[in-house]
Amino acid sequence: MTRYIFFSKIVIFVYVFVAIAQTENIITVEQSGNGHYRKIQDAIDSVAPNNTESVTILVKPGIYKESISVPADKPLITIRGSTGNASDVIVTWDQRGDIDKVATFHVGASDFVGRYMTIQNTYGPGHQAVALRVSGDRAAFYECSIVGNQDTLFDEIGRHYYQNCYIEGAVDFIFGSSASLFETCHIHSVGKGYITAQRREMPTENGGFVFFKCGISGQGTTFLGRPWDGVYARVIFAYTYMEDVIEPQGWGHSDGLREEDLRTKTLCGQYRCDGPGATTSNRVEWAREFTDQQVAPYLTIQFINGKDWIKSSPTTISPPAAMPSSPKPMKKKTPLPPSAPVIPSLPPPAPMARPIVHGYEEGQPIIMYYSSGMFMTCFSCIGTFALSSAVLLYLLA
Ligand SMILES: *[C@@H]1O[C@H](CO)[C@@H](O)[C@H](O)[C@H]1NC(C)=O
Ligand SMILES: *[C@@H]1O[C@H](CO)[C@@H](O)[C@H](O)[C@H]1NC(C)=O
């Protein structure tokens, strides 16, 4: 019998260890005053500089009129809308200004995650008015709506991942030097302009924008992009559905660039896109139609070294201390906010069950298994099983 008791103690120890390991630091933001803070920025400010553990800021529904900054010395922060629907948590600001000075939401820290929220700059057309600026490395956004007009998303520098996001704007509304992978995102153009303005001045830079299984809709027509400062721009639209909103030439450029450089150094083009806007017959001469081989390095999560840092969403989230209601389980939703027109011709959202197909290499899907999340889930199952067995053994002993 002592052997059983010893065994039971071991399993209880393991279970408690697992339970402690799974606890997340959670700070709640609620406008009614029932959370830890009423403003998102106050919650960020409460995180100690140079933090080494992940912190989740859980934001209850509301319209938060704030200009938010996650400073560079506060890595590992997750900001998450509590309902799982981006239209319930709206961060809004309406200021124009220099792209590196004014933004509704600036992420300067590394290892940031944003989930289920809307980030908008309502300034409107005519000037630079950034909604989201990301200059930290390893940043990921899931099911967020990023809404503006000119310069909506400043993907300044670093490696970034966007999944099931809705991005709206008119002029250069996804721009910068980062290496970014947009997976099953909905891009919506609200006026004449350019969807992307990628900046890559040297062939050694890791930057580039890859759109994988996205959908493009809009009002009027737009260009897929124009290189910004430098001829080495890389923008790849793959397996993307384009409504009849793309200018037939597809791409533009500033006067300073020579056609020959564009032909030899710029990497802007499409791969297996469809829809009425995807026709390539009248594209500019330097637009690429990638071959399987050329596109392979981009259609993998490893373009942003994602295997090392992209994690699954937690399957459970522990309720914050002293909060009566536990958060609802997060359900995957479509990326469209209520203001966005629902476009029946867009490709259906990717199936949400894990594992996710992240890209194609040599014609084969790359399946990425999310190690840490699955590990913890599996671990906690084992813990629960072990605890029940231990109780049973005690009863029997
Ligand atoms: C955070 O780390 C940086 C770099 O190591 C250091 O310069 C800074 O003083 C630290 N800040 C605090 C508040 O400890
Ligand atoms: C999100 O909330 C909005 C507004 O309440 C609602 O119209 C929309 O259907 C919701 N989206 C999903 C996917 O449930």
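1. Conventions. Residues are numbered from 1 along each chain as its sequence is written, and chains are lettered from A and ligands numbered from 1 in the order in which they are written. As this is a predicted model, local features need pLDDT of at least 70 and side-chain atom pairs count only at pLDDT 80 or more, while totals for chains, interfaces and linings use all residues.

2. Confidence. The protein chain has a mean pLDDT of 82, and 73% of its residues reach 70 or more; pLDDT is the predictor's confidence in each residue, from 0 to 100. Over residues 314-379 the pLDDT is below 50. Beyond near neighbours in sequence, that stretch still has 99 contacts in the model, a contact being two residues whose C-beta atoms, placed from the backbone, lie within 7 Å. Where pLDDT is low, the predicted coordinates should not be read in detail.

3. Composition. The protein chain has 5 helices and 28 strands. Both are DSSP runs numbered from the N terminus: helices are H or I with at least four residues, strands are E with at least two. Of the 397 residues in the protein chain, 45% are buried. A residue is buried if 20 or more other C-beta atoms lie within 10 Å of its own, exposed if 12 or fewer, and partly exposed in between, with C-beta atoms placed from the backbone. Among contacts with a separation of 6 or more, 67% are between residues 24 or more positions apart.

4. The eight-stranded sheet. An open sheet of 8 strands has the order β3-β6-β9-β12-β15-β18-β21-β24, with parallel pairing; two strands pair if DSSP finds at least two bridges between them. The edges are β3 (62-65) and β24 (241-242), each with a single partner strand, so one side of each is left without a neighbour in the sheet.

5. Pairings within that sheet. β3 and β6 run parallel and are joined by 4 bridges, with Ile63 having Ile90 in β6 as its bridge partner. On to strand β9 (residues 118-121), β6 again makes 4 bridges in the parallel sense, and Trp93 has Asn121 in β9 as its bridge partner. Strand β6 (residues 89-93) has 4 of its 5 residues buried, so it is largely enclosed by the rest of the structure. Further along, strand β12 (residues 145-147) runs parallel to strand β15 (residues 166-169) and is joined to it by 3 bridges; Ser145 stands opposite Tyr166 in β15.

6. The seven-stranded sheet. Here 7 strands form an open sheet with parallel pairing, in the order β4-β7-β10-β13-β16-β19-β22. Its edge strands, β4 (68-70) and β22 (223-225), pair on one side only. Strand β7 (residues 103-107) pairs with strand β10 (residues 130-134) in the parallel sense over 4 bridges, and His106 has Arg133 in β10 as its bridge partner.

7. Strand β19. In strand β19 (residues 194-198), 5 of the 5 residues are buried, so the strand is largely enclosed by the rest of the structure. Strand β16 (residues 174-176) runs parallel to β19 and is joined to it by 3 bridges, where Ile174 stands opposite Thr196. β19 also pairs with β22 in the parallel sense over 2 bridges, and Tyr194 has Phe223 in β22 as its bridge partner.

8. Core. The largest nonpolar core has 91 residues, and those with the most contacts inside it are Ile40, Ile57 and Val210. Such a core is a set of buried Ala, Val, Leu, Ile, Met, Phe, Trp, Tyr and Cys residues joined through C-beta atoms within 7 Å. Leaving aside neighbours within four places in sequence, Ile40 is in contact with residues including Ile57, Val59, Tyr64 and Ile68.

9. Phe182. This residue lies in strand β17 (residues 179-183). Phe182 and Val210 are 28 residues apart in sequence, yet 6.0 Å apart in space, C-alpha to C-alpha. Residues up to four places away in sequence aside, Phe182 touches Tyr162, Phe209, Val210, Phe211, Phe212 and Cys214.

10. Thr266. The loop between α3 (259-265) and β25 (267-271) holds Thr266, which counts as buried with 25 C-beta neighbours inside 10 Å. The C-alpha atoms of Thr266 and Tyr232 are separated by 4.7 Å, although the two are 34 residues apart along the chain. Not counting residues up to four places away in sequence, Thr266 touches Pro227, Val231, Tyr232, Ala233 and Trp286.
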